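This briefing gathers computed features of a single chain, grouped by topic for a reader who works with models. Please look over the sequence and the structure before going on to the notes below.

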Amino acid sequence: MAEFKLERKTLPPTEDDAFQDFREIALLEFHHQFDYRHSLGKTSKFFLALEEGKLLATKRKVCGSVYMPPRAVCPKDLNVTEWLELSGKGTLESWTLCPYPPSYAQTETPYILAYVRLEGTSSLFLHQLRKVSVDDLRYGLKVKVAFAQSAVRHPLDYIWFEVSN
């Protein structure tokens, strides 16, 4: 059985307090550890290719749409897509600075989330942009995918974007 700590607190009321009956709160603190196993399903090939240093998208032959991240089924006509390898080159379309990275990421701050239009795709791809000064960020900046050269803690750490020369 897990050990836990339960702390009781009473928050001070405010004027015209609609939550006056909810001012007594309990804070629960405990250590939680578990194993997690999840199938990445029909897009598993995308993650397996990242391990090999390849960037895959999916394409629908009939309409020509190329999806990144990959989709097993085209949202326009609901037909099965096929795999397509991308160059990894793209253009910065938008970005945001996050003061705190996700818990799985071991990276510098601020954590830059970038919307990138990868060459040959019909959609934007949201992922981390590294090794760039915030002052150098601009619309249209040329970027490329970089691949991890060693083991990673989370599948999203297999790749990131960097400025392209």
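Predicted model: local features only at pLDDT ≥ 70, side-chain atom pairs only at ≥ 80, totals over all residues.

Strand E1 (4-10) and strand E2 (24-30) each contribute at least two residues to the nonpolar patch.

**Nonpolar surface patch**

- The patch, which is nonpolar and covers about 450 Å² of surface, is made by Phe4, Leu6, Leu28 and Phe30.
- Of these residues, phenylalanine 30 belongs to strand E2, and with a relative accessible area of 44% phenylalanine 30 is classed as partly exposed, because that class spans the range between the limit for buried, under 20%, and the limit for exposed, over 50%.

**Cavity**

- Under the counting rule applied here, there is one cavity of 30 Å³ or more, and the volume of the largest cavity is about 30 Å³.
- The lining of the largest cavity consists of Tyr104, Ala105, Tyr111, His127, Gln128, Leu156 and Asp157.
- When the residues lining the largest cavity are sorted by class, four are nonpolar, two are polar and one is charged.

**Pockets**

- The largest pocket holds about 240 Å³ of space, and its lining is formed by Tyr36, His38, Leu40, Arg153, His154 and Pro155.
- By class, the lining of the largest pocket comprises three nonpolar residues, two polar residues and one charged residue.
- The second largest pocket holds about 160 Å³ of space, and the residues that line the second largest pocket are Tyr104, Gln106, Arg130, Ala148, Gln149, Ser150, Ala151, Val152, Arg153, Asp157 and Trp160.
- The lining of the second largest pocket divides by class into five nonpolar, three polar and three charged residues.

**Arginine 153**

- Arginine 153 sits in the loop that runs between strand E9 (142-147) and strand E10 (159-163).
- With a relative accessible area of 58%, arginine 153 counts as exposed, since the cut-off for that class is over 50%.

- Methionine 68 and proline 69 are joined by a cis peptide bond, for which omega is about 5 degrees, and proline 69 lies in the loop between strand E4 (66-67) and strand E5 (82-85).
- Leucine 78 is also placed in the loop between E4 and E5, and its phi is near 60 degrees, a positive value in a residue other than glycine.
- The relative accessibility of leucine 78 is 66%, so leucine 78 counts as exposed.

- Lysine 131, found in the loop between strand E8 (124-129) and E9, has a phi near 55 degrees, which is a positive value in a residue other than glycine.
- Lysine 131 has a relative accessible area of 65% and is therefore exposed.

Technical notes. Residues numbered from 1 in each chain as written. Heavy atoms only, no water. 1 Å grid on protein atoms, 1.4 Å probe; cavity = no way out; pocket = protein on both sides within 12 Å on 5 of 7 lines; lining within 4 Å. Points joined across faces, edges and corners; volume = space filled by probe spheres on them. Nonpolar A, V, L, I, M, F, W, Y, C, P; charged D, E, K, R; others polar. Patch = residues over 30% accessible without salt bridge, like charges linked within 9 Å, V, L, I, M, F, W, Y side chains within 5 Å. Areas by Shrake-Rupley, 256 points an atom, 1.4 Å probe, with all protein chains shown as cover. Salt bridge = Lys/Arg side-chain N within 4 Å of Asp/Glu carboxyl O. Helix = DSSP H or I, 4+ residues; strand = E, 2+ residues; numbered from the N terminus. Buried < 20%, exposed > 50% of the residue type's maximum accessible area, 1.4 Å probe, protein only.
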